[in-house]
Amino acid sequence: MAVLSGAAVPLLLLGVLGGVGAVLKPHVLLQAEFYQRSEGPDKAWAQFGFHFDADELFHVELDAAQTVWRLPEFGRFASFEAQGALQNMAVGKQNLEVMISNSNRSQQDFVTPELALFPAEAVSLEEPNVLICYADKFWPPVATMEWRRNGAVVSEGVYDSVYYGRPDLLFRKFSYLPFVPQRGDVYSCAVRHWGAEGPIQRMWEPEVPEPPSESSATLWCAVGLAVGIAGIAAGTALILRAVRRNAANRQPGLL
């Protein structure tokens, strides 16, 4: 069971369109938090953060009581006391216990995530890139994501986003894996969620043209050589014709 809460503050920011004038553009600053638990001890999950136009500004690492900015530069212009998030989580936990005691404790239906796997940039062999694993439209917000390269688990450099809320009260989450594309490598991303009996998995491998085989290279060399010989022969014929024509033009006329 879970308690979800949030406060959306609409903002009107002044934007300028070239040659048109000033217009008002609506933006939304959202405080998003949830506290949830399943039956049994030590099975609770919580999250607290602020989003701007659906993009994360920061979240609070509740165990460490630390504010983590999505981009370090954000922390230079603003601050947030993590203690405030801890107080909100305590209230959320208390409210959840009251709701559980006053309900029939029935379980809401799970919604299984949709999963996509794609590179951040156009792929070139040996050029650093980032693979993005995107889990979308799931509930509750409890999902673990795992990367593999050629069947071996990869954890170095992996970054998992927080859970992002959706207008339909479902959730989405990203996982990022920096990598260097190499021919023959196969990557996979799997997500485990309460709504699925087993992991949901997607596979990805670099789509690059195969190098020409030795027989193909030999064939193209032969074709090139034949074309070159034909060109030389045609050029020689044209030169001989021109020489004969010049010789004929130089013969003296009859007296």
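**Note on the predicted model**

1. L29 is partly exposed, because its relative accessible area is 24% and partly exposed covers the range between buried (under 20% relative accessible area) and exposed (over 50%), with a 1.4 Å probe and protein chains only. L29 sits in strand 2, residues 21–37. Helices (H or I, at least four residues) and strands (E, at least two) are DSSP runs, numbered from the N terminus. L29 and D53 are separated by 24 residues in sequence, with their C-alpha atoms 6.5 Å apart.

2. A word on the basis of this note. The model is predicted, so local features need pLDDT of at least 70 and side-chain atom pairs count only at pLDDT 80 or more, while totals for chains, interfaces and linings use all residues. Residues are numbered from 1 along each chain as its sequence is written, and side-chain values use heavy atoms, leaving out hydrogens and water.

3. The largest nonpolar core has 22 residues, and those touching the most other members are L115, L131, C133, M145 and W147. At least two residues of this core come from each of strand 6 (114–119), strand 7 (129–138), strand 8 (143–149), strand 12 (171–179), strand 13 (187–193) and strand 14 (200–204). Strand 7 gives the most, four residues. Another core of eight residues lies apart from it and includes F58, V60, L62 and A85. A nonpolar core here is a set of buried Ala, Val, Leu, Ile, Met, Phe, Trp, Tyr and Cys residues joined through side-chain atoms within 4.5 Å.

4. Helix 1 runs over residues 82–101, 20 residues, and spans 29 Å from first C-alpha to last, close to the expected 28 Å. The expected span is 1.5 Å times one less than the number of residues. Buried in helix 1 are A82, A85, M89, G92, L96 and I100. They lie on the same side of helix 1, because they cover an arc of only 65° around the axis; the arc is that of the directions from the helix axis to the C-beta atoms. An α-helix has 3.6 residues a turn, so residues three or four places apart point the same way. On the face turned away from the buried side are the exposed residues Q94 and S101.

5. Rings of Phe, Tyr and Trp (its six-membered ring) pair if their centres lie within 6.5 Å; planes under 30 degrees apart count as stacked, over 60 as edge-to-face and the rest as tilted. By this rule there are 18 aromatic pairs. F48 and F50 make an edge-to-face pair, 6.1 Å centre to centre with 65° between the planes. F48 counts as buried because its relative accessibility is 2%, and F50 counts as buried at 16%. F48 and F80 form a stacked pair, 5.5 Å centre to centre and 25° between the planes. F48 is in strand 3 (residues 44–52) and F80 in the loop between strand 5 (66–69) and helix 1, so this pair ties together parts 32 residues apart in sequence. F80 is partly exposed, at 27% relative accessibility. Ring pairs link F48, F50, F58, W69 and F80 into a cluster.

6. Strand 13 is mostly covered, with six of its seven residues buried. Two strands pair if DSSP finds at least two bridges between them. Strand 8 and strand 13 pair antiparallel over seven bridges, and T144 stands opposite R192 in strand 13. Strand 13 and strand 14 also run antiparallel, joined by five bridges, and S188 stands opposite M203 in strand 14. A hairpin of six residues joins strand 13 to strand 14.
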